[in-house]
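Work through the exercises below with the structure open beside you. Try each task before reading its solution.

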Amino acid sequence: VLFATGAPVGNVNLTAGLTAGDRSFTLTVSGSVVVAGQWHRLESLATDDFTREDGVLGGKGEQVFVIGVNGTAVTLAAPVSYTYSQGCRIVRDNSAEITMEGVTVHGAGRLTDVVNGDIGIQILLGGQVNLIGCTTQLCDQYGIYGSARQLKISESEAVIEGYAALADRISYPIAFSNQTQRVEVTNNVVQGGKEGICQTSIGSGPGVTQNAAVSYNTIKGCARSGIATHDAYEKLVISFNNIDYCEQGIDIRGRHTVLSKNQISHTGTADGTLDCAVQLGSGVGEIVAEGQKISDVLRGWWIPSLVEHEVAPGNISITNDNIESDRATHGILLDFRGSDTAGYAQNGDLLGTLNLSNLNYRISTGTFSRGVETQGRWSNPHVDGRFIGGGPSPSACVYMHGTNVGGTGNGPVNPDTVAVAFDTGFNAPAVQHSTGLWKNRFRGIGHTPAGEVV
């Protein structure tokens with residue numbers, strides 16, 4: 001309904017690749033494309049130098065501000081973030097600079113096929129874009145969609161009806177895409193659609209999304225995820241969101257993600273195939289998560305076994321985590337299985353570190369319910385916390401095992417479970433195929449025998 005777009009002015013290749021930290025480079029030819037005092041985009045010439053998924057769009061890229069041009073010599077205001085070993089080009093856009101406030105759009109509520117339908121507000125190749133206090137209703141492909149250097153969507157409402165019918169379609173109430181240097185999606189109300197707030201690759205050119213903050217949003221009734229990431233990105237903060245009655249709460253597929261004090265409840269409400277608070281998917285890297293409050297879920301944190309990982313996951317820290325769910329089979333299930341496909345993380349690959357600390361979980365009393373279960377060669381995994389539930393056939397409150405279940409290898413490296421408190425439904429922590437020392441101190445709550453094992 002409302003559409004605005006910038007347009008590329010032109011591009012020039014660099015004479016050589018760049019190394020992260022570089023602030024200057026040389027162009028293959030001089031000309032009018034690169035202009036001092038303006039923003040430009042660097043785009044990799046490779047198609048597979050960030051992740052496989054992002055490679056379809058042309059690999060990594062970033063926004064840069066040019067402060068000097070002397071013939072073919074170019075100087076930037078700040079160092080580049082990435083290394084471009086296979087070369088890159090610089091692009092100048094005629095960007096759309098837009099502020100909308102208090103705009104209301106009522107769509108027809110029509111999807112013509114799985115990828116097309118009504119779009120309420122769409123901004124492509126924007127510069128500084130601010131959407132404040134806007135309302136979109138029944139715009140069933142996108143309510144608000146933005147691709148901009150700096151994008152702010154705040155105090156807005158986006159509603160798409162009939163979430164169950166849209167589960168297999170592209171239908172995002174709020175979405176942002178590549179070529180973005182800074183995103184703020186804050187204080188919005190989102191209901192319905194497939195992914196409530198989605199970082200996606202659809203409809204934009206190459207470049208890696210960086211520095212996105214998704215905070216203080218109220219999200220409800222999504223057919224797949226309350227908050228989702230579909231492409232490579234770095235430095236994403238997801239905090240203080242309230243996510244309710246979605247198939248899963250948050251889907252993470254990128255690197256360097258911080259999650260803080262989100263409240264997630266009543267998952268599995270579309271078809272029950274995901275039913276988790278947070279899924280850590282393909283491409284997931286470093287995660288720092290603190291203080292989530294989770295209730296009425298089948299799983300708290302989940303790496304599905306069928307995911308092929310573009311990079312070996314790891315360096316995951318989940319602390320001060322609270323789960324209250326009488327139907328939860330797992331508080332944390334990191335079910336890494338290596339791929340047989342070349343170029344993906346393999347079965348025996350060494351994974352990153354794992355810090356699971358100060359967990360407070362009350363989960364199901366059903367058979368084989370576990371507080372924490374991991375699979376794979378996690379490095380120095382540490383677990384401490386309090387686990388209530390388990391049974392009637394007691395299983396380990398913390399269970400770490402190898403990627404070839406029933407085999408003889410690929411278990412955790414130097415595992416450490418300390419001060420794990422658990423009740424009568426659980427057995428003591430168990431570790432399979434470990435490498436290095438297993439330090440295991442625990443105490444039972446009404447468990448026989450209670451005590452400490454070293």
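Contact means heavy atoms within 4.5 Å. This is a predicted model: local features need pLDDT of at least 70, side-chain atom pairs count only at pLDDT 80 or more, and totals for chains, interfaces and linings use all residues. Residues are numbered from 1 along each chain as its sequence is written, and side-chain values use heavy atoms, with hydrogens and water left out.

**Exercise 1. The surroundings of Ser282**

Task: Find which residues Ser282 touches, not counting residues up to four places away in sequence.

Solution: 
- Step 1. Locate the residue. Ser282 lies in the loop between β26 and β27 (287–290). Strands (E, at least two residues) are DSSP runs, as are helices (H or I, at least four), and they are numbered from the N terminus.
- Step 2. List the contacts. Ser282 touches Arg253, Val307, Glu308, His309 and Glu310, with residues up to four places away in sequence left out.
- Step 3. Look at Glu308. Its backbone oxygen is reached by the side chain of Ser282 at 2.7 Å.
- Step 4. Classify the burial. Buried means under 20% relative accessible area, exposed over 50%, and partly exposed in between (1.4 Å probe, protein chains only). Ser282 has 17% relative accessibility, so it counts as buried.

**Exercise 2. Aromatic pairs**

Task: Work out how many aromatic pairs there are, and classify the pair Trp39 and Phe65.

Solution: 
- Step 1. State the rule. Rings of Phe, Tyr and Trp (its six-membered ring) pair if their centres lie within 6.5 Å; planes under 30 degrees apart count as stacked, over 60 as edge-to-face and the rest as tilted.
- Step 2. Count. The rule gives 5 aromatic pairs.
- Step 3. Classify. The ring centres of Trp39 and Phe65 are 5.4 Å apart and the planes stand at 75°, so this pair is edge-to-face.
- Step 4. Trp39 is in strand β4 (residues 38–44) and Phe65 in strand β5 (residues 61–70); the pair links distant parts of the chain, 26 residues apart.
- Step 5. Check accessibility. Trp39 has a relative accessible area of 32%, so it is partly exposed. Phe65 is partly exposed too, at 27%.
- Step 6. Take another pair. Tyr142 and Tyr145 are 4.7 Å apart centre to centre, with 50° between the planes, and this pair is tilted. Tyr142 and Tyr145 are both buried. One aromatic cluster is formed by Tyr142, Tyr145 and Tyr172.

**Exercise 3. Salt bridges**

Task: Find how many salt bridges the structure holds, then examine three of them, starting with Arg89 and Glu43.

Solution: 
- Step 1. Recall the idea. Side chains of opposite charge can pair when their charged atoms come close. A salt bridge is a side-chain nitrogen of Lys or Arg within 4 Å of a carboxyl oxygen of Asp or Glu.
- Step 2. Count. There are 13 salt bridges in the structure.
- Step 3. Take Arg89 and Glu43. Their closest N and O atoms are 2.8 Å apart. Arg89 is in strand β7 (residues 88–94) and Glu43 in strand β4, 46 residues apart. Arg89 is partly exposed at 28% relative accessibility, whereas Glu43 is buried at 4%.
- Step 4. Take Arg327 and Asp275. Here the closest N and O atoms are 2.7 Å apart. The two residues lie 52 residues apart in the chain. Arg327 is partly exposed, at 30%, and Asp275 is buried, at 6%.
- Step 5. Take Glu373 and Arg370. Their closest N and O atoms are 3.2 Å apart. Glu373 is buried at 11%, and Arg370 is buried at 14%.
- Step 6. Trace the network. Shared partners join Arg41, Glu43, Arg89 and Asp93 into one network of salt bridges.

Definitions and conventions
A polar contact is a pair of N or O atoms within 3.5 Å; within protein, one must be able to donate a hydrogen and the other to accept it, and residues adjacent in sequence count only if both atoms are side-chain atoms.
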